[in-house]
Amino acid sequence: MDDRWSEVPPRLQERLLEIVDLTDAFCDQRLDDEYKEICRKMAVMLCRTEASVAGGKPASWASGIVYSAGWVNFLSDPSREPHLRSEEIAQGFGVSMATMQAKSKVIRESLGLVPFHPEYSLPRLAENNPLIWIVEINGMQVDLRHAPRQWQVKAFEEGLIPYVPADREGRPEE
């Protein structure tokens, strides 16, 4: 368990473990470690919001979490790797499509998910995710990937971006 788990109400901690055991096993078998981490983060945040996770089967919530993580990161897009159809996720958890989609709707609404959501995007997609890099400075939208390094460092230190783009290998010094 990491520090985020301690913020889950005690009455939901066992439920969280049940859900995470299922999402971890699915991600280990069908996806990858990046998806596993995103699913864990979603499960923790979902339990922190107390979005009805106490009711229903853990497999229903687990399928909804994986489906939601895939929705944010375009898992159903055949040009991406890994790639899964929604039917494969539902089958993997032994739930119906309707159940999985209903849980996903609750999850998306509870966590305010959108495609490419900065908190739940796969790290490997960060470079090309505009929602991560565009911030408002003095009323103007600025893409920090193209901003001066000192702006990038300040944004990184404030937790607004995942890394300093100017420090990435292969980037010219500014």
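## The largest pocket

The largest pocket holds about 340 Å³ of space, where a pocket is an open set of points on a 1 Å grid over the protein atoms alone, with protein on both sides within 12 Å along at least five of seven lines, and a volume is the space filled by probe spheres set on the points. This is a predicted model, in which local features need pLDDT of at least 70 and side-chain atom pairs count only at pLDDT 80 or more, while totals for chains, interfaces and linings use all residues. Residues are numbered from 1 along each chain as its sequence is written, and side-chain values use heavy atoms, with hydrogens and water left out.

## Its lining

The lining of the largest pocket consists of 15 residues, and Lys41, Pro118, Glu119, Ile132 and Pro162 are those nearest its centre; a lining residue has an atom within 4 Å of a point. Two or more residues of this lining are given by helix H2 (33-49) and by helix H6 (130-133), and H2 supplies the largest share, three residues. By residue class, the lining of the largest pocket has 10 nonpolar, two polar and three charged residues.

## Cysteines without disulfides

The structure holds zero disulfides, a disulfide being a pair of cysteine sulfur atoms within 2.5 Å. For Cys39, the closest cysteine sulfur is that of Cys27 at 4.0 Å, which is too far for a bond. Cys47 is likewise in no disulfide, since the nearest cysteine sulfur, in Cys39, is 13 Å away.

Cys39 is buried (under 20% relative accessible area, with a 1.4 Å probe and protein chains only), at a relative accessible area of 0%. Cys47 is also buried, with a relative accessible area of 0%.

Technical notes
1 Å grid on protein atoms, 1.4 Å probe; cavity = no way out; pocket = protein on both sides within 12 Å on 5 of 7 lines; lining within 4 Å. Helix = DSSP H or I, 4+ residues; strand = E, 2+ residues; numbered from the N terminus. Nonpolar A, V, L, I, M, F, W, Y, C, P; charged D, E, K, R; others polar. Buried < 20%, exposed > 50% of the residue type's maximum accessible area, 1.4 Å probe, protein only.
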